[in-house]
Amino acid sequence: MKYKNSYHSPLGKMIMASDGEKLTGLWFDDQKYFALNLSADAVYSNLSVFDETKLWLDEYFKGRKPDFIPPFYLKGTDFQREVWNILLKIPYGSVTTYGDIAKEIAEKRGLSRMSAQAVGGAVGHNPISIIVPCHRVVGTKGSLTGYAGGIDKKGYLLNLENTYLTKNI
């Protein structure tokens with residue numbers, strides 16, 4: 001069975017999804033690829049993983065780096081999960097580029113190159129916004145591009161983390 005709940009962030013309503021134990025989705029209400037893996041028969045429920053996620057989000061939106069991560073499960077292709085695991089390593093208050101992630105994957109796989117656009121597609125399909133920090137991926141020279149929740153939200157999140165784009169790229 002699939003479960004859902006909601007959270008009201010400073011950027012608008014967010015929907016959470018769970019398999020009953022782990023967080024499987026976290027989206028802004030109007031985001032591209034909204035609730036991609038959430039079945040229509042998901043039941044609204046108060047689960048402990050939703051309580052943990054709300055606590056995490058409360059801390060985050062107060063401008064603090066939460067000292068825990070709610071249990072989550074990332075469902076996607078092998079390539080998507082590889083990209084999402086790289087996202088999890090981007091430190092709070094820092095950014096990386098789509099190109100840098102592509103280079104890292106190419107090196108890991110022994111390839112001469114990897115498409116930054118393919119990386120961008122995987123980043124854009126990240127099912128757990130903010131906690132898996134896809135907002136910390138920017139274009140060349142720090143340009144704010146490609147956030148499924150909207151560029152305005154991406155800018156807000158980076159500002160909340162006191163991210164200085166020119167310093168981190």
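Ser9 is buried, with a relative accessible area of 11%; buried denotes under 20% relative accessible area, exposed over 50%, and partly exposed in between, computed with a 1.4 Å probe on protein chains only. The model is a predicted one, in which local features need pLDDT of at least 70, side-chain atom pairs count only at pLDDT 80 or more, and totals for chains, interfaces and linings use all residues. Residues are numbered from 1 along each chain as its sequence is written, and side-chain values use heavy atoms, with hydrogens and water left out.

Ser9 belongs to strand S1, which covers residues 3-9. Helices (H or I, at least four residues) and strands (E, at least two) are DSSP runs, numbered from the N terminus. Beyond its neighbours within four places in sequence, Ser9 is in contact (heavy atoms within 4.5 Å) with Met14, Phe28 and Phe61.

From this residue the account turns to the sheet. Strands of a sheet pair through backbone hydrogen bonds, either parallel or antiparallel. Here, four strands form an open sheet of mixed pairing, in the order S3-S2-S1-S4, two strands being paired if DSSP finds at least two bridges between them. Strand S3 (23-28) and strand S4 (43-44) stand at the edges with a single partner strand each, so one side of each has no neighbour in the sheet. Strand S2 (residues 12-18) runs antiparallel to S3, and five bridges join the two. Met16 is placed opposite Leu26 in S3. Helix H1 (residues 48-61) packs on the sheet, where H1 touches S1, S2 and S3, and its direction makes about 20° with that of S1. For such angles, axes are lines fitted to C-alpha atoms, for helices over the stretch in contact, and the angles run from 0 to 180 degrees between N-to-C directions.

Another helix, H4, spans residues 116-124, and Val119, Ala122, Val123 and Gly124 in it are buried. These buried residues pack against helix H2 (78-87), helix H3 (98-109) and strand S6 (137-138). At the start of H4, a side-chain oxygen of Ser115 comes to within 3.1 Å of the backbone nitrogen of Gln117.

Charged side chains complete the picture. A salt bridge is a side-chain nitrogen of Lys or Arg within 4 Å of a carboxyl oxygen of Asp or Glu, and the count by this rule is four. In one of them, Arg64 meets Glu59 at 2.9 Å, N to O. Arg64 is partly exposed at 40% relative accessibility, and Glu59 is partly exposed at 25%. Another joins Asp78 and Arg81 at 2.7 Å, N to O; both residues lie in helix H2, three residues apart, about one turn of the helix. Asp78 is exposed, at 59% relative accessible area, whereas Arg81 is partly exposed, at 29%.

Glu161 and Arg136 also form a salt bridge, their closest N and O atoms being 2.8 Å apart. Glu161 lies in the loop between helix H5 (151-160) and helix H6 (165-168), and Arg136 in the loop between H4 and S6, so the pair ties together parts that are 25 residues apart in sequence. Both Glu161 and Arg136 are buried.

How values were computed
A polar contact is a pair of N or O atoms within 3.5 Å; within protein, one must be able to donate a hydrogen and the other to accept it, and residues adjacent in sequence count only if both atoms are side-chain atoms.
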